[in-house]
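The sequence and structure come first.

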Amino acid sequence: MHATETSLPLVSIIMPAFNGEPYIGAAIRSVLAQSYARWELLILDDGSADRTAEIAEAFEKSDPRIRLFRNPKNLGAAQTRNRGFALAQGEWIALLDCDDIWHTDKLEKQLALASRGDILYCSYALIDESGKHLSDFLVPESTDYEAMLRESVLSCSTVLLRRSILAGQRFPTEYYHEDYVFWLELLKAGYRAIACTEVLADYRLVKGSRSSDKRNAAKNRWLIYRRVEKLSIWKSAAVFSVYACHALRKRRRAR
């Protein structure tokens, strides 16, 4: 595909970045390598203390589709993504964390499904800090609110969102798993989530990250069921047991 094909929908890629010096270059290069070329990459540096912004600025100078923004102060991932939503110009919005990687045909293969859904997602590989492949997480062809209560198959670096569904929808800032609450809100509103079940992204497991704290993740999943979704104690227990089984299997595959 050619960048001059303006009839193609523009994809706005939002990349929050905080102290991502070891990985951000690979993340940006994976965007540059996309077979689908009509995109803009919005990199939002969230007050990094390392060379993250410097690396992003060098890429910005090399390609007009890349733009770097610096938050006036550290806002956190949720507010940074929300700022990206406000800056985005595309018909579709993609999210890519600065330590993850896309495969070259990710956007092209997902957009081939655009007529079927409002939220497009895909399977992904788990990799370690050095980029070594650990396992694959294969997603179902579709998901909905009830299914997502039991197993979260949407993740920030795999999702494409139709811009029109974001009117009034933003990542909440008061919850530990703000992305999970966000996905549930979209699905509860009736938007359709469809997957390309191929592995099209690499999700990096970084020691010390929030996603690596499984005990805290489980506690906050329970709080979302009870305080945010207001599920009964019985339904909360039922879906939590299924969630825990899926989480345990995923953890074993990543070892």
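A disulfide is counted here as a pair of cysteine sulfur atoms within 2.5 Å. With that cut-off, a search of the whole structure returns 0 disulfides. The model is predicted, so local features need pLDDT of at least 70 and side-chain atom pairs count only at pLDDT 80 or more, while totals for chains, interfaces and linings use all residues. Residues are numbered from 1 along each chain as its sequence is written, and side-chain values use heavy atoms, with hydrogens and water left out.

**Cysteines**

- The closest cysteine sulfur to that of Cys156 belongs to Cys98 and is 12 Å away, too far for a bond.
- Cys156 is buried (under 20% relative accessible area; exposed is over 50% and partly exposed in between, with a 1.4 Å probe and protein chains only), its own relative accessible area being 5%.
- Cys196 is also in no disulfide; its nearest cysteine sulfur, that of Cys122, lies 6.8 Å away.
- Cys196 has a relative accessible area of 9% and is therefore buried.

**Aromatic pairs**

- Rings of Phe, Tyr and Trp (its six-membered ring) pair if their centres lie within 6.5 Å; planes under 30 degrees apart count as stacked, over 60 as edge-to-face and the rest as tilted.
- By this rule there are 9 aromatic pairs.
- Tyr124 and Tyr203 form a tilted pair, because their ring centres are 5.8 Å apart and their planes meet at 50°.
- This pair links distant parts of the chain, 79 residues apart: Tyr124 is in strand E6 (residues 119–127) and Tyr203 in strand E10 (residues 193–204). Helices (H or I, at least four residues) and strands (E, at least two) are DSSP runs, numbered from the N terminus.
- Tyr124 is buried at 4% relative accessibility, whereas Tyr203 is partly exposed at 22%.
- Phe171 and Trp183 form an edge-to-face pair, because their ring centres are 6.0 Å apart and their planes are at 75°.
- Phe171 lies in the loop between strand E9 (160–162) and helix H6 (178–188), and Trp183 in helix H6, so the pair ties together parts 12 residues apart in sequence.

**Charges over rings**

- A charge sits over a ring if NZ of Lys or CZ of Arg is within 6 Å of the ring centre and within 35 degrees of the ring normal.
- Arg81 has its charged end over the ring of Phe171, 5.4 Å from the centre.
- Arg65 lies over the face of Trp39, at 3.9 Å from the ring centre.
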